[in-house]
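User: I would like to go through some of the labels attached to this model and see what each one rests on.

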Amino acid sequence: MHIPKRRASLLASLLLAATALSVINPPTAGAAPDPVTVTVNARAGLATVPDTALGVNHAIWDQNLGTAETSDLLRDAGVQMMRYPGGSYADIYHWKDHTAPGGYVAPNTDFDTFMAAVQRVGAQPMIIANYGTGTPAEAADWVRYANVTKGYGAKFWTVGNENYGNGHYGSAWEADNHPDKSATQYARLVIEYADAMKAVDPSVRVGAVLTMPGNWPDGITAGSDPGSWNQTVLSLAGGKIDFVDVHWYPGGTAAESLARTSHIPDATYLLRQQITRYAGPNADRIGISLTELNVDAGRTTQPAALFLADAYSGLLENGILTVHWWNVHNGIGTVSEVAGQTDYNDFGMLSSGTCTEDGSVCEPPLNTPFAPYHGLTMMKLFARAGDQFIRAGTDEPLVTAHAVRRGNGDLAVLLVNKDPDAAHEVTIDYAGFTPSGAAPMVSTLTNGASGIATSQSGTATSRTLPAYSLTTLVLRAADGTAGRPTAPGQPTASGVTDRAATISWPAAAPGGSPIAKYEVHRQNGAVSEQFGETTATSFTVGNLVPGSRYTVNVLARDTAGRVSWASPPLTFATGSPASGACTVRFTTNNDWGNGYIGGVEIVNNRTSPINGWTLTWTWPTGWQQVSSGWSATWEQVGTAVRVTPTDDSRQIVAGGSVSAGFVGAYSGPNVLPTAFTLNGTVCATG
């Protein structure tokens, strides 16, 4: 485990104005917050919950790794996947003799002990093969021992841990004995590892280490690599891997960490874009695991529990195959008070029972659950394997919502009140689902509570959320699922242009009545907008906005009016016109991890000059900014950028061009714009 730090840069001073991340501010003391509207939309389907969803990290320096008490606690919390042998230790660990030169190995933490714990919990293992000081042969021998000799059926294996932290980009915390520490060399050896491991057991899934978009060293190219770490690894090794593995430590204060869960959709979108662009044919087979996650503030108190539930939900609804908290046990750190509770600054979700060096403060007894443990338990109550996430949203940044639809027709709604000072009244509107009149099952985790309180109470449409709390409602449907058609299959997009796309999908199976038609819906936040309907299994959508991202679902409706579940989601992006009166070339160079040198070149494709011009675009996110610029006048209001000429660049001759530059900054995933308008005309891009 390691929390990456951004590389120092001479350009850092240019970013002082670029801290555009919104920070949660609690209401004025004594003010009654306005009621919050929560919208839950069963027509807007997201990812299905996998049987590997809820994960945790185990480490060979934890002598309680294999105890029955620890395993039973993890089982009770619903853990489905366990990672071993523990973060950066993986790159010094040799499984055959159970040693980690330069590190501490606790007794009773060998691989067989770990696997016994995995089996007691009822989970699956995620194993890290030693890249830093190991070899492909050593990894292959481990696969042989695990799956041939012992029959453990260990499916998921990652090659190394945070290997971009080997000094290649200036920061070095990860062991790496290879003389060549480049991304290129890592990719070459990933191929050797994958070949060796799959020669022993072709069924294993091998993962490569990437960095989370928007986090160091994303975007940085070093040495002779052909691109950034992610680009290089995917370009060279993409054909050999089955998944990519990333970590995320959002950092900041408790309020800042809780706000940064808003980065998740764009980070996962960017990561999938990178996989699609660089990993070669059939890149959509490559999954994403996120195997380290934690916060900087409130690690054993309520902020961590709120963040865990919000982040796990956000990641899983975006199709991440497993999410792992760092970690089970860790040890006491600098003790403070957070929201009225003692915070031991311990990365573990269970107490290690340790004390500060001077003995002045001790943690609760060994294995006492900390707040994030209860947050994980709430996830078990909320999202079960096979449930389908559906879109949910609110009109209040301090309150977030997630929802799943279950196979029996039930709906579960998770509500997160991030306000440390005030309760919030919520009203809940449902689309595509009608709750029964029965009181819902309600599970609540409040600030400082020693566990989750559960009751059957209230209504499906209103609730009071205590300050700094998690609440899950489980609702019965007013009408059952009998006779409904099945959901249509995974949609795909073809013929995508700047204004149109054709959506196709596998047919649904009829239920009690024949299928009458299919409806194509666009997700617009938590609201669905129907694009159209058809009796066929494809539909062409027109009048789209250039440079925009769309997520759509398809639903089947039968002749009796019964409607299926939403299909899996399809996300696609429109581009710019193939040709036109103008072309804009947008470039980024010298990326240093939270900023870059950007440029725009405007080409006049007309046969007459352009006298005076205004170039505009909209950033895809709220954390992107033009910090400064040259060779033009630069303005930004909200996410809208406006560029106008200087006196000597007002005219663009026929067939000619003008250029201008800027310093771009970002404090989250840097999704670049793809549509530009010149004097009201959308330009081609090149």
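**Labels and their grounds**

Analyst: Start with a crossover: β3, helix α2 (residues 111-121) and β4 form a β-α-β unit that is right-handed. The model is predicted.

User: What makes a crossover right-handed?

Analyst: The strands are viewed pointing away, and the path from the first strand over the helix to the second has to run clockwise. The unit of β3, α2 and β4 is right-handed. The crossover from β4 through helix α3 (residues 136-149) to β5 is right-handed too.

User: How do you know that β3 and β4 pair?

Analyst: Pairing requires at least two bridges between the strands. Strand β3 (residues 81-84) and β4 have four bridges, in the parallel sense, so they count as paired. Within this pair, Arg83 lies opposite Met126 of β4.

User: How many bridges join β4 to β5?

Analyst: Four bridges link β4 to strand β5 (residues 156-159), and the two run parallel. Ile127 has Trp157 in β5 as its bridge partner.

User: Why is strand β4 called largely enclosed?

Analyst: A residue is buried when its relative accessible area is under 20%. In strand β4 (residues 124-129), five of the six residues are buried, so the rest of the structure largely encloses this strand.

User: What makes β20 and β21 a pair?

Analyst: The threshold is at least two bridges. β20 and strand β21 (residues 501-504) have three, in the antiparallel sense, so they count as paired. At one of these positions, Ser494 has Thr502 in β21 as its bridge partner.

User: Why is Ile610 called buried?

Analyst: Its relative accessibility is 6%, and the cut-off for buried is under 20%, so Ile610 counts as buried. Ile610 belongs to strand β29 (residues 610-611).

User: Which residues does Ile610 touch, leaving out those up to four places away in sequence?

Analyst: Ile610 touches Asn604, Arg650, Gln651, Ile652, Leu678 and Asn679. Contact here means heavy atoms within 4.5 Å.

User: How far apart are Ile610 and Asp201?

Analyst: Ile610 and Asp201 are separated by 409 residues in sequence and by 64 Å in space, C-alpha to C-alpha.

Technical notes:
Residues numbered from 1 in each chain as written. Predicted model: local features only at pLDDT ≥ 70, side-chain atom pairs only at ≥ 80, totals over all residues. Heavy atoms only, no water. Buried < 20%, exposed > 50% of the residue type's maximum accessible area, 1.4 Å probe, protein only.
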